[in-house]
Amino acid sequence: TVENKTGKPRYFRITVTGNSNVTVGGTRWTGNVTIGAGSALSLSQVDFKSSDIILDGTFNLGVCGIDSGGNGARLVFGIGGIMNVNQKIWGASDFSVSGTLATTSTDLAAGEFQFVTRTLITSAGFDGGSLGDFTAEDGGALTKASGIMEGNAADYQGQYYLYTEDGNVKVQYVVAGAVPEPATATLSLLGLASLMLRRRRA
């Protein structure tokens, strides 16, 4: 959906959901943006002003900056959100970055840990900006590390490090092996017991 937020010409609030891929032209001044998981929004040129940008999907921009006279733009990243900007982001000092990190994975065994680096923003330049707070996907609090984390990932469980590199904004964090749900673990044990009983009978 594309809505005129303030009554001013071409000042819009945009929402993209339902695994959609949307391109919108002529949206020079943009208010709030929400992009759902599996969806993508592409805009050629955007001036944000007092905007909340909720990204669970992909946001592609040609030119991006902050319009004067507002309260900047607050970027809130979901587990899979990313923003790609072709040029340098002007007014980046008026952006704030926060969001949610997937800190558990079924690809790892319980008790295993590994470092993950995720790119949140790609651009030709991101100078400044408030690199804010992130939480785990279950709502649990995470703490900021003092620098790039190295060595044993288990020693940094519950921490993240948010930084800029070559115009991109990245976050490094620790992923732990997911502990099986009680019902899943019970079914696994029952399956193993059934298999052993069949072998004995054979």
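Partly exposed describes a residue whose relative accessible area lies between the buried range, under 20%, and the exposed range, over 50% (1.4 Å probe, protein chains only). The model is predicted, so that local features need pLDDT of at least 70 and side-chain atom pairs count only at pLDDT 80 or more, while totals for chains, interfaces and linings use all residues. Residues are numbered from 1 along each chain as its sequence is written, and side-chain values use heavy atoms, with hydrogens and water left out.

**View 1. The salt bridge of Arg74 and Asp52.** Asp52 is partly exposed at a relative accessible area of 31%, and Arg74 is likewise partly exposed at 31%. Their closest N and O atoms are 2.5 Å apart, in a salt bridge (a side-chain nitrogen of Lys or Arg within 4 Å of a carboxyl oxygen of Asp or Glu). The pair links distant parts of the chain, with Arg74 in strand 8 and Asp52 in strand 6, 22 residues apart; strands (E, at least two residues) are DSSP runs numbered from the N terminus.

**View 2. The salt bridge of Glu165 and Lys170.** The two side chains meet at 2.7 Å, N to O. Glu165 is partly exposed, with a relative accessible area of 35%, whereas Lys170 is buried at 17%.

**View 3. Asn19, a residue with positive phi.** Although Asn19 is not a glycine, its phi is about 55°. Asn19 lies in the loop between strand 2 (11-16) and strand 3 (21-24) and counts as exposed, at 60% relative accessibility.

Notes: Helices (H or I, at least four residues) and strands (E, at least two) are DSSP runs, numbered from the N terminus.
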